[in-house]
Amino acid sequence: MEDGLSPAWVRLRDATMHQPGVAHICDISSVVTGIFLPVWRVGAHDRTGIGRMTPLASLRDAALYVMAMLALNVSAVVAEDSASPLTTRLSETATARIESDGVAGAVIVLLRDGEGVWTGAFGMADPQRAVPMTQNALFRVETLSKPVAAWGAMRLAETGRLDLYAPVDVCLTRWRLPEGADLITPRALLSHSAGLGLGDYAARFPPEGPRPGLPEHIAQDFGMIAAPGTGFSYSDTGYNLLELVIEDCTSEDFAALMGREVLSPLGMTGASFDWTGADMPVGHDLRGHPVAAYVYPGRASGGLHATAADIARFAAAGMEGAERSVLSPEGVASLQRPEVAVDGLFAFAADGYALGHFTETLSDGRHAVWHGGQGYGWMSHVHMVPETGDGIVILSNSQRAWPLFAALLRDWSDSIGVAPVGMARVLLAERAARLAIGLALAVGLLALRSACVHRRPRALRIAAGIAAAALIGWPFWAAAQTYLFLFSILPGLWPWLGGASAFAGIGLACIALMPERGQ
């Protein structure tokens, strides 16, 4: 106990007084501390014998809370430059959506002219222990690992250590491709055009516990769903195979090689493809529950740990005209050039996929590249316009953050003068859900009224019974699932949608089952 403060308040005070990169925090803290330090000291002795706080001590803690919230708000907006109206808007959107969607916390970095100009930290790193989010928090960035891994593969290609066009079997020593898959190349793996299935994205293991080696995991996970080069098929397995190819080609550990060849030269000092045990925020799943630390068998597909500043440096290196030592301008351009058109759900947010990057043509004709990541308890996103140096990085320790990301991307799109980027279309699902909720409630009320009608045709009663079973049954089925896409895009609305559906089903069930009056 420090100065009579509870441990949670000490953590909150320390975190807010030492926000990195925010010059005015210390000044504010000094002033507020000068006012309230006597209260802290007096309050330290103002406790009853059974440990309850007196009114004076309670007032002291209330003052500390106000100071903490003030400091947190300042930390999110004080680093504004000419982008002030946008950063204010981003701050307001982040604060509102974190509260409405039950998101734990987030860190946002805004890039202008290829440089980070603002960073905001919002919400909590650990809500249960009252630990606020900080700008230098270390995140699992999940699938944002793929574009970084792609830089590593291109680095090896430009330095003559990896042939992107040669069959991967040329390098593989610890595992062999099954018959019929020998036409797969590193370039096809990078562009998700190798014909491989998604893979077991739920293969998670405790960091210090046993887990299968990468060759063993790939042997169990490998599956062809199409011929190589015939189209886009997003694949974690493909990037895990790429990691194995890189290791076998170079005889080096993937994480060590990436650290030396990519992360360190780009100034990504907090980033690592290895689990280091460093202090991190607590991840939270779609139901808002804390998630224990974990690692995947592979690292290239989703094993990168990084701060928002690390990802911002990576994004800045991909802008046109950036000073870079890792790749040539031609190499970066090759990574960002569309290789294959995307389809399915991906087509709602992207036009194509390059090498480790989704691609999109903005409403004004400019070319944008982006990537997002979603894992168990974590989400990430980076969107950038290489031509102008505009970009935004968003990292969250909550799997409920897609609507938050979409709202922030909508604000950012407006600031650069274009229609909302594809990922902002997640917000359309919210509109559709609200309409569906209203419609379901109306159907339920009308059905209950119709159930009182004297005569109901047999066909109507049968149809109503079938519809009722579906409308009542699907919410219960959905609630029993570990993951549904619906949960991600409607984290706060899907229970309301399910409830409204069940209400409509009950009304229809009354039509089907209630005896007619007069019978």
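A: First the term: on a 1 Å grid over the protein atoms alone, a cavity is a set of points where a 1.4 Å probe fits but cannot get out, with lining residues having an atom within 4 Å of a point. This is a predicted model, where local features need pLDDT of at least 70, side-chain atom pairs count only at pLDDT 80 or more, and totals for chains, interfaces and linings use all residues. Residues are numbered from 1 along each chain as its sequence is written, and side-chain values use heavy atoms, without hydrogens and water.

Q: What volume does the largest cavity have?
A: The largest cavity has about 40 Å³, a volume being the space filled by probe spheres set on the points, which are joined across faces, edges and corners.

Q: Which residues line the largest cavity?
A: Among them are Ala188, Leu189, His192, Ser233 and Gly238.

Q: Now the helices: at what angle do α13 and α16 pack?
A: Helix α13 (residues 426-450) and helix α16 (residues 494-513) pack at about 20 degrees with axes 7 Å apart, where helices are DSSP runs (H or I, at least four residues) numbered from the N terminus, and axes are lines fitted to C-alpha atoms over the stretch in contact, with angles from 0 to 180 degrees between N-to-C directions. α13 is therefore roughly parallel to α16, a label for angles under 35 degrees, with over 145 counting as roughly antiparallel.

Q: And how do α14 and α16 cross?
A: The axes of helix α14 (residues 458-479) and α16 come within 7 Å and cross at roughly 155 degrees, so α14 and α16 are roughly antiparallel to each other.

Key:
On a 1 Å grid over the protein atoms alone, a cavity is a set of points where a 1.4 Å probe fits but cannot get out, and a pocket is an open set with protein on both sides within 12 Å along at least five of seven lines; lining residues have an atom within 4 Å of a point. Helices (H or I, at least four residues) and strands (E, at least two) are DSSP runs, numbered from the N terminus. Angles under 35 degrees count as roughly parallel, over 145 as roughly antiparallel, 65 to 115 as roughly perpendicular and the rest as oblique.
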